[in-house]
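Biologist: I'm new to this one. Could you walk me through how to read its sheet?

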Amino acid sequence: MPVVAVVGRPNVGKSTLVNRIIGRRQAVVEDTPGVTRDRIPYDAQWSGRQFTVVDTGGWEPDAKDRAGAIAAQAEIAVATADVVLFVVDAVVGATDVDEAAVRMLRRSAKPVLLVANKADNAATEVEATSLWSLGLGEPRPVSALHGRGSGDLLDAILEALPDAPPISEFGPRGPRRVALVGRPNVGKSSLLNRLAKEERSVVDAVAGTTVDPVDSLVEIGGETWQLVDTAGLRKRVGKASGTEYYASLRTAAAIEAAEVAVVLLDASEPISEQDQRILTTVTETGRALVIAFNKWDLVDEDRRYYLDKEIERELRRIPWAIRVNVSAKTGRAVDKLAPALRTALASWETRVPTGQLNQWLTALVQATPHPVRGGRAPRILFATQAGISPPRFVLFTTAPLDAGYQRFIERKLREEFGFVGSPVEVSVKPRK
Ligand code: GDP
């Protein structure tokens, strides 16, 4: 684990900075002069990377030999660290003691980031530029207390730590979770078997993270995905297991546990009511959606003609779903699932900035106002995105909107911002 050492005079805010970096309060005792602390390592992570932060503030120098003692402290830190954070009080500026420590730091080959702490406001931030004179490069203004600038500092730390290992090879949240669902005999097991050719051992691939043993890790398009609850698909060979009721519960649970669902349909047969129910479960659960038409090897020109008509009729309510035509049997286009899944997940996690959203909405409402009802039309006062996964929008209005007008806004929202492969929720909050 790479080590970041925090070095500096007493009371420049080292402990507060360490707390800020490790994202906890009161993990480190207050920097009270005279209180001796050990050099305690703390685990920290940022942007999916891990490192160790060592607070060297436990060391209180002798008043009569402050400079020398600070230098000694710096020496130990430098010897053991991969990156040194040298903390200076931006309000006080550089002192003689600081300069003594800098001479030591500059002789070392370790990368040093100059942290100008207590830059709580823009004015101090400007003053901090005078710290260039220390010769340690760019001063990084931070308010450890309030958090100002701490994200930028953490980014800089990661840049200086090229070898910081990712938490897992998948990043902090692990592989994306996919539900592979569909009515019996659409080819779920066959597709799983096809994908499982590249299957990896659950234990090997994600040591230290939790992958349920009923899940499978498969590689699609060069990326590892976690197919949730595939135990049932695996054991069963051709035969349906359990009642239909049990199967639908299991399908719902898999969708719930996933971020994105691949709903498998049998392209050689009409879209059935059961297919529709599964699609509805996905949209109502608010998961991203990819529709895979399986058995594409059986689709001839005739069938294609009818299928297109069926899609138009039966999938009218979800025109935004991504469709791929695959064959579990031949392997056709199975890799296309990866870009489809990535697109759907990106939409699912899209965040529209509030300013952009309201600018767009104002123009839309101006061009097409709400129809007048009883002499007046409800007005939309403000819109905001309340959340992602899936994107959820709230419209604050003077009165409830007509259902037709609300659908119009939803449709236009998609036209403007996309959301291909993801449901989008729009709710209206009329002013009381
Ligand atoms: P599940 O119930 O959804 O798991 O479906 P299975 O994987 O058991 O497949 C049901 C039947 O469809 C089996 O006879 C498979 O061989 C067949 N099948 C699955 N995928 C394809 C495909 O892409 N093309 C063709 N022609 N048959 C397939």
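Modeller: Let's start with a hairpin: S8 and S9 form one, with two residues between them. Glycine 221, in the turn, has a positive phi of about 60 degrees. Bear in mind that this is a predicted model, where local features need pLDDT of at least 70, side-chain atom pairs count only at pLDDT 80 or more, and totals for chains, interfaces and linings use all residues. Residues are numbered from 1 along each chain as its sequence is written.

Biologist: How many bridges join strand S8 to S9?

Modeller: In general, strands of a sheet pair through backbone hydrogen bonds, either parallel or antiparallel. Here S8 (residues 216-220) and S9 run antiparallel, joined by five bridges. Serine 216 has leucine 227 in S9 as its bridge partner. Pairing takes at least two bridges found by DSSP; strands (E, at least two residues) and helices (H or I, at least four) are DSSP runs, numbered from the N terminus.

Biologist: And what about strand S7 and strand S9?

Modeller: S7 (residues 176-181) pairs with S9 (residues 223-227) in the parallel sense, over three bridges. Arginine 177 stands opposite glutamine 226 in S9.

Biologist: What order do the six strands of the open sheet have?

Modeller: The order is S8-S9-S7-S10-S11-S12, with mixed pairing. S8 and S12 (322-325) are at the edges with a single partner strand each, so one side of each lacks a neighbour in the sheet.

Biologist: Which strand does S11 join in parallel?

Modeller: Four bridges link S11 (residues 288-294) to S12. Phenylalanine 293 has asparagine 325 in S12 as its bridge partner.
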